[in-house]
Amino acid sequence: MAESEFQANAVSSRITSTKNPLLQSVRKLLKRRYRDELGLVRIEGTREIDRALEAGIQFEYAIYCESLSRFERARKTVERLRSAGLQTLYSTTTEVFLKFSQWQNPDGLLVVGRQPSTKLHDIQSTVGDIYLVVDGVEKPGNLGSMLRTADATGCAAVIVTDPALDLFNPNVIRASLGTVFSKTCVVVSANDAAEWLRSSGCRIVATSPSASVSYLDTNLAGDCAMVIGSEKDGLTEFWLAASDELVKLPNLGAADSLNAAMSATALLFESYRQRQSPLTAS
């Protein structure tokens, strides 16, 4: 499709100034307070937007730049947005797009949509489900990595308790490759999460360096929630007390703990392995 034809079919307006009020709003969406006030989420990148589309996120508008070299990978996504009913699309110049893009080498496509809001009672728990509980994690990259691993290993849902950051931080979205939209995610208090897990018949398993049992010798095959604490402080006293079992991960080095995302990866993939060849429950 020629550029002029594409624009005629897809564009409601063109933005040529970095001082455009809409772009000022897009920049503000990098701040949590502004996102939460408006209930909006800023999503950049083809893979991330595709997953938001598949999850049924309600979009407000899209901004794209055809003159960027990587836009070809985004062109089909723009058409998908239009097919999904999005009418408000803005084209812009390379200079303008690079000014508000968060990426160093962007795809040339950004959308703004409504934040999804999933509650604990929305989760349809079934026998054999596993859950990842993420408590107080502060680094977007770690939370994003955990979401990707939860998605890859068939985790039923990710439950974020007492968060130091929000699910819709643009860095979380990018680090998760958009799985923050495709994976069921809820944000609740630690107390509410623990009560819901117990009522769902889930064992709560937490990691602790002082535990005597290896995670490799623990039944993680189903009806189980694995709790990961913050990078700085680890698990809170609440989760240590609320857990049905404490397990340890091997550590032969000088560091006293593993990266939070790596710990989650070890537990989730061991759970996946056990679901293929279950351990005998003790």
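Val 134 stands opposite Ile 228 in strand 11. In strand 7, the bridge partner of Val 134 is Val 160. Both pairings come from a predicted model.

Strand 6 covers residues 130–135, and six of its six residues are buried. Ile 130, Leu 132 and Val 134 point one way. Tyr 131, Val 133 and Asp 135 point the other way.

| Partner of strand 6 | Residues | Sense | Bridges |
|---|---|---|---|
| Strand 11 | 224–228 | parallel | five |
| Strand 7 | 157–161 | parallel | five |

Helix 7 (residues 140–152) also belongs to this region. Together with strand 6 and strand 7, helix 7 makes a right-handed β-α-β unit.

**The nonpolar cores**

The largest nonpolar core has 49 residues. Which of them touch the most other members? They are Ile 43, Phe 59, Leu 81, Leu 132, Leu 143, Met 146 and Phe 181. Helix 12, residues 260–276, gives the most to this core, with five residues.

Leaving aside neighbours within four places, Leu 143 is in contact with Val 134, Val 137, Val 160, Leu 165, Leu 167 and Val 172.

**Helix 4**

Helix 4 runs over residues 46–54. Its buried residues are Thr 46, Glu 48, Ile 49, Asp 50, Ala 52 and Leu 53. What covers them? The cover includes strand 2 (40–44), strand 3 (59–64) and strand 5 (109–114). It also includes helix 5 (72–83), helix 8 (170–175) and helix 9 (179–182). After helix 4 comes Gly 56, with a positive phi near 80 degrees.

**Cysteines**

How many disulfides does the structure hold? It holds zero. Cys 202 is in no disulfide, and its nearest cysteine sulfur, that of Cys 224, is 7.3 Å away. Is Cys 202 buried or exposed? Cys 202 counts as buried because its relative accessibility is 8%, under the 20% cut-off. Cys 65 counts as buried too, because its relative accessibility is 0%.

Definitions and conventions. Residues are numbered from 1 along each chain as its sequence is written. This is a predicted model: local features need pLDDT of at least 70, side-chain atom pairs count only at pLDDT 80 or more; totals for chains, interfaces and linings use all residues. Side-chain values use heavy atoms; hydrogens and water are left out. A nonpolar core is a set of buried Ala, Val, Leu, Ile, Met, Phe, Trp, Tyr and Cys residues joined through side-chain atoms within 4.5 Å. Buried means under 20% relative accessible area, exposed over 50%, partly exposed in between (1.4 Å probe, protein chains only). Helices (H or I, at least four residues) and strands (E, at least two) are DSSP runs, numbered from the N terminus. Contact means heavy atoms within 4.5 Å. A disulfide is a pair of cysteine sulfur atoms within 2.5 Å. Two strands pair if DSSP finds at least two bridges between them. A crossover is right-handed if, with the strands pointing away from the viewer, the path from the first strand over the helix to the second runs clockwise.
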